[in-house]
Amino acid sequence: MAIEIRDVNKSFGTTPVLRDVSLDVAAGSLTALLGPSGGGKSTLLRVIAGLERPDTGTVRISGVDATRLSPQRRNVGFVFQHYAAFKHLTVFRNVAFGLEIRKRPKAEIRKRVMELLELVHLEKLADRYPSQLSGGQRQRMALARALAVEPQVLLLDEPFGALDAQVRKELRAWLRRLHDEVHVTTVFVTHDQEEAIEVADTIVVLAGGEVVQTGSPVEVYDNPANPFVMRFLGPVTELGGSLVRPHDIEISQDPVEGGSPAVVSRVVRLGFEARVEVEIDGREAWVQVTREQADRLGLEPGDTVHVRPLPGARSLALAV
Amino acid sequence: MTAITVRPVRRPAGGTAAGLGVAVLYLSLIVLIPLAAVVWRSADQGPGYFWRSVTTPDAWAALTLTIGASALVALINLVMGTAIAWVLVRDRFPGRAVLDTIIDLPFALPTIVAGLVLLALYGPQSPLGINLAYSRAGVVLALMFVTLPFVVRTVQPVLLELDTEMEQAAASLGAGPFQIFRRVILPNLIPAMLSGTALAFTRAIAEFGSTVLISGNLPFKTQVAAVNIFGQIESDNTTGAAAISTVLLAVALVALITLDALQRWGSRRG
Amino acid sequence: MAKHVLRLVAVAYVLLLLVLPVAVIIWRTFGDGLGPFVEAMTSPSAVHAFKVTTVVAGWAVVLNTVFGVGTALLLVRHEFPGKRLLGALIDLPTAVSPVVVGLALILVYGRFSPVGGLLESWGIQVIFSTPGMVLATVFVALPLVVRAVVPVLEELGDEQEQAAHTLGASRLQTFVRITLPGIRWALGYGVVLCLARSLGEYGAVAVVSGRLVDQTQTLTLFVEERFQNFDQPAAFAAATTLALIAVVTLLLTKLLRPKDRSDGN
């Protein structure tokens with residue numbers, strides 16, 4: 001295990017932020033800490049980095065107890081949400097910083113920095129200052145800076161949080177490819193379930209300071225541990241007292257076995273998919289169908305249809 | 001893996017305590033203990049002696065002159081400082097940047113030099129034919145010189161931040177220029193104007209160097225409190241000097257507490 | 001119309017109160033050419049006063065810079081009980097009359113006080129000597145560096161410092177490589193203000209120095225002493241020197257003032 005966290009508790013004043021958190025991160029994995037804001041995910045990341053000390057519990061990195069080590073001696077790479085670029089240093093000097101601290105020979109530093117700048121596609125901007133870079137470029141510089149010291153683990157705090165949607169999408173795919181090239185154990189924090197599912201190979205859901213569920217994106221999406229996780233990871237609707245994904249619902253004009261009658265109240269076409277809003281026994285629900293399906297069924301408000309969960313659909317019973 | 005280590009949050013505590021210790025020691029040795037010694041010495045021989053020291057005719061005259069002149073100067077600054085800040089922020093003319101820089105001159109110029117330059121222009125050899133040397137007007141002039149930047153520099157940033165859309169809104173609602181000033185601008189400036197005035201007042205009651213040459217230090221006429229204290233120290237009456245110093249410190253303290261209250265009032269009003 | 005009246009009043013006020021008086025003294029100093037000025041400023045007393053001023057101000061600036069940066073870091077980066085009180089005490093010297101500063105130091109460090117007596121028995125004379133003048137100057141200039149650095153440290157935030165830590169930098173390395181470059185303009189501004197205040201201090205130094213000509217006489221004391229002894233050329237020459245230093249200070253602070261600089265590049 002690259003990171004082993006055991007029974008970590010942490011409070012700010014009287015507010016508990018982490019409660020009995022235990023977690024293993026496999027070497028070489030790309031793990032997302034996913035959860036709503038205030039769920040404790042950033043604090044957990046900072047505990048791993050040594051930027052916060054846990055009140056109780058232990059943190060081991062590569063088998064060594066790091067609980068008492070200062071961040072300076074943990075050899076972790078940390079990428080901050082707002083980049084924490086050293087404003088007074090050029091891109092080159094920013095990336096070289098950790099190597100200069102380690103007093104590596106000049107020639108070696110130069111070689112390593114240029115390699116990394118190529119990796120993050122900033123080799124032409126080596127002599128610029130951070131203020132002359134775009135947000136995405138700064139973030140890539142911060143990543144190269146963190147990677148320069150060959151960290152045992154790479155930690156990213158909401159790495160794309162401050163970027164606009166387009167750049168965000170590009171960087172996500174790029175981070176995935178980068179990880180496949182570099183293979184460093186990586187943990188990143190995000191509140192965006194799409195980002196976690198797309199990039200990570202393991203997702204850790206944190207809420208209320210506790211680890212709620214750990215697993216691969218497919219596991220967490222398909223077998224959510226509780227309604228909260230199910231809601232957080234994707235769209236849900238209520239059907240017969242259970243939570244169901246709206247795309248896991250079958251809709252037909254004729255009565256079917258196990259189906260319930262429903263009245264269509266609205267049909268919204270969103271590009272290739274359609275959102276069918278229905279009322280079942282006075283309760284509102286919605287079904288996601290392809291546009292082609294919607295057209296074939298010829299759904300109009302006021303129509304009575306029959307809905308049931310698809311065979312094999314995962315649903316979670318709601319406690320009433 | 002059941003080891004649980006319990007420790008209170010105290011990561012930087014070692015460094016903090018050491019740094020705090022050094023800072024407090026430095027502050028105590030140079031500022032706090034000496035100032036406490038002044039207050040202590042003033043009470044040395046009982047409240048009766050303190051009262052007699054403060055109310056000797058010359059000390060009392062110096063104190064009342066200082067406080068009166070300082071209050072007058074603070075008022076002048078309230079008006080002129082605001083006017084200058086207004087011109088610096090809202091007016092555009094060649095030389096405005098130079099004017100803006102010159103405002104800080106009293107902060108940079110040694111007080112004794114301030115006194116000397118004023119005496120050169122407004123003294124017995126005045127090229128303008130105005131002689132204010134050895135008069136109370138000279139004292140007021142010196143205090144005006146050294147306190148000029150305070151109101152300007154507190155009002156200026158507030159005026160800069162002031163949203164001109166507010167004034168446009170008032171104009172669109174039918175307010176004339178004077179009404180806009182009185183009802184929209186002034187209420188927003190008053191906290192800054194008053195804190196600048198309080199700062200100018202505390203500076204004025206403490207002033208020594210600039211008044212030395214121009215006032216002539218005539219007891220009962222132009223001698224300010226600081227000069228009176230200086231005289232008492234020279235004649236080895238440290239207890240009397242300490243008594244008058246304590247009064248000055250108390251007046252400054254009251255002014256500063258008022259200032260703090262004004263600033264809170266100002267920030268509450270946003 | 002009202003606009004022009006206001007402009008005229010403001011400009012006239014500053015002209016009559018600040019600019020003309022300084023201009024007159026410069027004119028009087030250089031009215032007969034550079035000769036009298038050079039002669040006055042190269043007299044042994046003037047040279048000595050200049051030396052004393054430099055030594056005292058130099059020490060005061062060094063001490064207040066170290067204290068100022070340390071205290072600013074403490075106030076911005078650390079949590080401890082009594083933080084607000086410390087912040088308020090830092091500003092205390094601005095409210096104290098220079099003469100009271102002098103008196104306060106005499107009461108504690110003078111020959112007839114317990115502390116001063118003890119120091120005297122160890123052969124250290126504070127009052128009427130350089131250490132006392134340094135103490136007085138440190139006192140009056142104490143808040144300047146702290147107040148210049150604190151807002152910039154706050155604005156800088158601690159993320160860059162944390163990033164440096166995770167990259168392996170020690171506290172000292174982080175301070176030298178990250179924090180110090182981040183605050184350099186503000187620090188420069190504070191140091192220039194502190195230096196100007198220290199060079200120009202008169203009242204506090206007048207009290208603790210004993211005003212011994214050719215011994216503890218600083219340039220400001222030299223101005224007053226020469227003027228009282230009817231040596232106007234020397235007084236004006238020294239005053240002009242100090243005024244020129246003040247003008248240079250003004251221009252430097254204008255250059256360094258944090259709010260006028262968008263970035264540190």
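This is a predicted model: local features need pLDDT of at least 70, side-chain atom pairs count only at pLDDT 80 or more; totals for chains, interfaces and linings use all residues.
**Exercise 1. Work out where Glu238(A) sits, and whether it is buried, partly exposed or exposed.**

Start with the secondary structure: Glu238(A) belongs to strand β11 of chain A, which covers residues 237–239. Next, count neighbours. There are 15 C-beta neighbours inside 10 Å of Glu238(A). Buried takes 20 or more and exposed takes 12 or fewer, so with 15 Glu238(A) comes out as partly exposed. Finally, look at who it touches beyond four places in sequence: Leu243(A), Arg283(A), Ala285(A) and Leu318(A).

**Exercise 2. Trace the six-stranded sheet of chain A and find its edges.**

Write down the order first: β6-β7-β8-β3-β9-β10, an open sheet with mixed pairing. Now check the ends. β6 (76–79) and β10 (210–215) of chain A have a single partner strand each, so one side of each has no neighbour in the sheet. On average, neighbouring strands are turned by 15° against each other, direction ignored. Zoom in on one end: β9 (residues 202–207) of chain A pairs with β10(A) in the antiparallel sense, over five bridges. There, Ala207(A) stands opposite Glu210(A). At β6 and β7 (153–157) of chain A, helix α4 (residues 135–148) of chain A lies across the strands, at about 170° to β6(A).

**Exercise 3. Describe the side of chain B that touches chain C.**

Get the head count: 63 residues from chain B and 59 residues from chain C take part. On the chain B side, helix α1 (residues 13–42) gives the most, with 16 residues. Then sort that side by class: 52 nonpolar, eight polar and three charged residues.

Definitions and conventions. Residues are numbered from 1 along each chain as its sequence is written. Chains are lettered from A and ligands numbered from 1 in the order in which they are written. Helices (H or I, at least four residues) and strands (E, at least two) are DSSP runs, numbered from the N terminus. Two residues are in contact if their C-beta atoms, placed from the backbone, lie within 7 Å. Ala, Val, Leu, Ile, Met, Phe, Trp, Tyr, Cys and Pro count as nonpolar, Asp, Glu, Lys and Arg as charged, and the others, Gly among them, as polar. Two strands pair if DSSP finds at least two bridges between them. Axes are lines fitted to C-alpha atoms, for helices over the stretch in contact, and angles run from 0 to 180 degrees between N-to-C directions.
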